[in-house]
Amino acid sequence: VQNYKINLNIVNLVSQHIEGFTEVVFTAKADQLQYVPLDLLALNVDSVYYQGSKITSFTYNDTLLNIQLPTPIALSATDSVKIFYSGNPVIDPSTWGGFYFSGEYAYNLGVGFEDDPHNYGRVWFPCIDDFVDKAYYDLSIVTDTGKMAVCGGTLADSSMIGTNYVNWHWTLEDPISTYLVSVAVGPYVAYTDTFNGMLGTIPIEIYVPATHLSN
């Protein structure tokens, strides 16, 4: 995978529900590639799109989403699929790892202690959940106006959706594994600072509840 474009609505914290889509941009490592196998754990696959058209040639067994491409792809060619999905993401049997909801907060932990494999990107987006497969990320997370979404990377922008929701757009321009991708939703505010390093100024942003800002 070259890039994951994760677009999720994380508004309904009471029902512990997420919904949205992820576009997976990939490069074929085999000639005449016919299938795109993606890991996705116990969520509902609502639809799959390829080159702008909805396709039905896929299977999903709560663990593996196997998408059959209408036309085989040549070696080294780059293409993409878009998966719309929803549901209540799971947590690891050890209670460490997975996607958690707690009061006003929702967040992921990318490593499951008991599940095998331990990588846990697949609990909230379709992916090749292998620690050696690294990619770039764009994350667009919708929250209500009383909360923000904090993700790994850089906050590119935020925009209102109507009067009740905000879309937070984060970009990660260094390739990382799926288990390292992060999202946290809550009533966060930013503490900002800078560090004057040998190679230049480094911005610092620490996101905390407002009651902890003075600390």
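# Briefing: local features of a predicted model

Y35 sits in strand β3, which covers residues 33-39; strands here are DSSP runs (E, at least two residues), numbered from the N terminus. This is a predicted model, in which local features need pLDDT of at least 70 and side-chain atom pairs count only at pLDDT 80 or more, while totals for chains, interfaces and linings use all residues. Residues are numbered from 1 along each chain as its sequence is written, and side-chain values use heavy atoms, with hydrogens and water left out.

- Y35 is partly exposed because its relative accessibility is 39%; the class lies between buried (under 20% relative accessible area) and exposed (over 50%), with a 1.4 Å probe and protein chains only.
- Beyond its neighbours within four places in sequence, Y35 has contacts with N66, I67 and Q68, a contact being heavy atoms within 4.5 Å.
- For Y35 and I67, the C-alpha to C-alpha distance is 5.4 Å, although 32 residues separate them in sequence.

**S86 in strand β8**

- Strand β8 (residues 78-87) contains S86.
- A relative accessible area of 12% makes S86 buried.
- The side chains of S86 and D46 make a polar contact at 3.1 Å; this term stands for N or O atoms within 3.5 Å, where within protein one must be able to donate a hydrogen and the other to accept it, and residues adjacent in sequence count only if both atoms are side-chain atoms.
- Apart from residues up to four places away in sequence, S86 touches H17, I18, E19, L43, N44 and D46.

**Nonpolar surface patch**

- Y191, I206 and L213 make up a nonpolar patch on the surface, and together they have about 260 Å² of accessible area.
- Residues in such a patch have over 30% relative accessible area and no salt bridge, and nonpolar side chains (Val, Leu, Ile, Met, Phe, Trp, Tyr) are joined within 5 Å; areas come from the Shrake-Rupley method with a 1.4 Å probe, and for residues only the protein chains shown count as cover.
- A salt bridge is a side-chain nitrogen of Lys or Arg within 4 Å of a carboxyl oxygen of Asp or Glu.
- I206, one of the patch residues, belongs to strand β17 (residues 200-209).
- I206 is partly exposed, as its relative accessible area is 42%.

**Cysteines**

- The number of disulfides is zero, where the cut-off is cysteine sulfur atoms within 2.5 Å.
- The closest cysteine sulfur to that of C127 is in C151, at 15 Å, so the two are too far apart for a bond.
- Seen from C151, the closest cysteine sulfur is that of C127, again at 15 Å and too far for a bond.
- C127 is buried at a relative accessible area of 0%, and C151 is buried at 6%.

**Backbone features in loops**

- D116 and P117 are joined by a cis peptide bond, with omega about 5°.
- P117 belongs to the loop between β10 (105-109) and β11 (135-144).
- A42, a residue other than glycine, has a positive phi near 55°.
- The loop between β3 and β4 (44-50) holds A42, which is partly exposed with a relative accessible area of 31%.
- S76 is not a glycine either, and its phi is positive at about 75°.
- S76 is in the loop between β7 (64-73) and β8, and a relative accessible area of 54% makes S76 exposed.

Notes: Patch = residues over 30% accessible without salt bridge, like charges linked within 9 Å, V, L, I, M, F, W, Y side chains within 5 Å. Helix = DSSP H or I, 4+ residues; strand = E, 2+ residues; numbered from the N terminus.
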